[in-house]
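Dear colleague,

I am handing over the structure below for your records.

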Amino acid sequence: MAQAPTKDVFTGSSGLPTGKPSPESISHISWSEGNDIVLKSECELVSHVISTDDDPSQNPWTIRSFLMGIGLSAFSSALAEIYYFKPQTLTVSLMFLAIISYIVGTAMHTFIPQRGVFNWLNPHPFNKKENAFVIIMASAAANAALATEVLAVQRLYYDVNPNAAASILLLFSSQLLGYGIGGLMRSILVYPSKMLYPSILPLVSMLDAFFRDGTATQRKIQVFWTVFSIIFVWELFPEWIFPLLTGFSIFCLAAPNSPAVSRLFGGSNGNEGLGFLSICFDWLYISALNPFTVPLKALISVMLGYILCIAVFIAVFYGNVWKARNFPFLSQVLFYENGTLYDQSLIMDTNYQVDPQLVAEQGLPYYASTWVIYLIATNLALAATVTHLLIWNRNDLRAAWTWFSPASFQHMWNKIHWRFWKYDGHRGEVDDNDDLDPHYAQMLKYADAPNSWYGLAAVLSLIVALVIIYKCDSTLPWWGVVIAVLLATVFILFVVALYAMTGIPLSIQTFVQMVAGYLHRGKPMANMYFVLYSYNTMNQAQLLLRDLKIAQYVKLPPRTAFAAQVIGTILGATMNFVLMNSIVSNRHDILLSIQGSNVWSGQQVQQYNSQAIAWGGLSSELFSIGSRYHWVPLSYIVGLFVPIPFWLVHRYWPKLRTDLIYTPLVCGFIGTLAAGINASVLSFLIVGFTSQWWLRTRHPRWFRKYNYIVAAALDGGTQVMTFILSFAVFGAAGHIHLFPSWWGANQAGNYDRCMLLQ
């Protein structure tokens, strides 16, 4: 176990640094339990909520950790791929993997003898670094790779069937490309303390509690398992027995037959309404973004965006903008002008490309107006992200462009280790600065994974991509891949930086779909491949960088983290392909049918294909200047200027505190209620402000000791129960068993008793 934390000459009685410490002293900042100082900066937060101690003798390279990592990677990737073709959606969460791996690892140490031939399987007590190694490997595998969606669509709808070798290489290149590019940016997006990645703090806090000794730690473990048990049992009620608790609205109960009330106040069911003033008691929906972790500045921005979203949606719908009253209030599909569903098959020729003459016969489709607002808000947010970070966080990102200078090129050239297999990874001393992450200071003792490893992964993936797009009959030219990768690289820098600071992700999918539609008109398959090498590349980079931050917080050596991520990615991609190939081959007709069955469904494949047709075939007609939805692309230009007034106001009138506003989040949340279950937003804000303002400033000792461990317990208990219920009653095993209908479980309508709108 790690040694107890020690106080050094640079820390005062509060445990916080009193002067400007050296990197060595920063790495030993006290993990204090007993003071009432309010944690303000990111460096203070990660120094006092997460242990900065490290025990270099802990070995993550064990047969046990490899067996567990490979086993959980295979399990999580198989489960994710199977669920892609299920009527129900289930994701394999990081917290779920962490709890399962801890239980299995502890059980292996407890029940496997440590003597004789079993010593290789149980060499020492299961430690934190082994647990982190397993989590990171399984996390890299725990998703249905977007490339399998592309391959499934090609086989089901376009009669294109790439061979197994080409398919697997497509998966490897698309999954590893983002890892390579993201890894090259880790000095900007991982090492600094400002790059907090708040969403992983509960996980790391839980691992600290599990693997530390002492009375205070035992109290944390007791709190964890108590809260875990309570929420585990509680989730039975809102999820199955009493689903009215998903969205309790006094307005719906008072006016159950009012369409207007349903649109504004309803929100317990998908696409029901805006959920205004509804109270959600289901942690599964409240914690879509864990409110215990979202920083106060981000919460303020979310709240402003949420209020604007309600106002804009109501104004657009009742103002009949874009003929909004002809269509459902909330919807994501295409319609004819009379409000019936648009049949996209009627505008495709025999080569599955959009035929302009057939489009003229059918007429251009319409979107629900709230969905158009979502598209506008997404573009506003992406553009505002670039400007916001350039004017507010320019120094944090400076290294991303200073390397263009001749001196920087010379410096990089001199530091390249061409014989990278002989590179010892020693990084030397680090510059002393206020933003030095104390956890990073501890990592300096370990050999670094050189940039050449990440660069090689990126270059090889790109070369494979440029070849494989032709082998897979993608219809995407080589220059389309280059543009897609360049877009992804730019967005990795800005979007991942925003995510690292706020814990709130932004999606670039609709933006790159629109760009691909302009570049490759009438080619749905080209659109899918463009999205694969842009959106998916950025998404993979974000996952890699998040997991590298986990490694930094738990002091997992960089080369160990790199190995875990590459092994998990390759294993996960292989499992994804094997299962996709089997399911598509054996369930072909069911996947093509609209209803599917109670076991298998092609709804996600159908939706992905529909999006490719809509964006790939109709972008120019729907979104060009002068067309019906031309404000969607124009909003990107507008978004570039949104942060500037807030920056000017703060510069000349700093007391107005406009520096507390993340303009990208305000813009993005203007469209946040366009889909899904919306009853949880008020509960999210209540919990978030209680945690990040009231507890953090009024009860700082409690916040420091228990805030993140309670967040971990709530997530863990909820996700374990959700996993069980998905197989027991929600159809994952083939049969759905809804709870008998009663007042609190309105199985024939909306759970909150609001009017069911057709």
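The buried residues of helix 15 pack against helix 13 (259–265), helix 17 (369–392), helix 23 (478–502), helix 31 (663–669) and helix 32 (681–698). Here a helix is a DSSP run of H or I with at least four residues, numbered from the N terminus; contact means heavy atoms within 4.5 Å; and buried means under 20% relative accessible area, exposed over 50% and partly exposed in between, with a 1.4 Å probe and protein chains only.

This is a predicted model, in which local features need pLDDT of at least 70 and side-chain atom pairs count only at pLDDT 80 or more, while totals for chains, interfaces and linings use all residues. Residues are numbered from 1 along each chain as its sequence is written, and side-chain values use heavy atoms, with hydrogens and water left out.

Helix 15 itself covers residues 296–318. Among its buried residues are Leu299, Tyr306, Ile310, Phe313 and Phe317. After helix 15 comes Asn320, which has a positive phi, near 55°.

Finally, Phe251 lies in helix 12. Phe251 counts as partly exposed because its relative accessibility is 33%.

Yours sincerely

Methods:
Helices (H or I, at least four residues) and strands (E, at least two) are DSSP runs, numbered from the N terminus. The expected span of a helix is 1.5 Å times one less than its number of residues.
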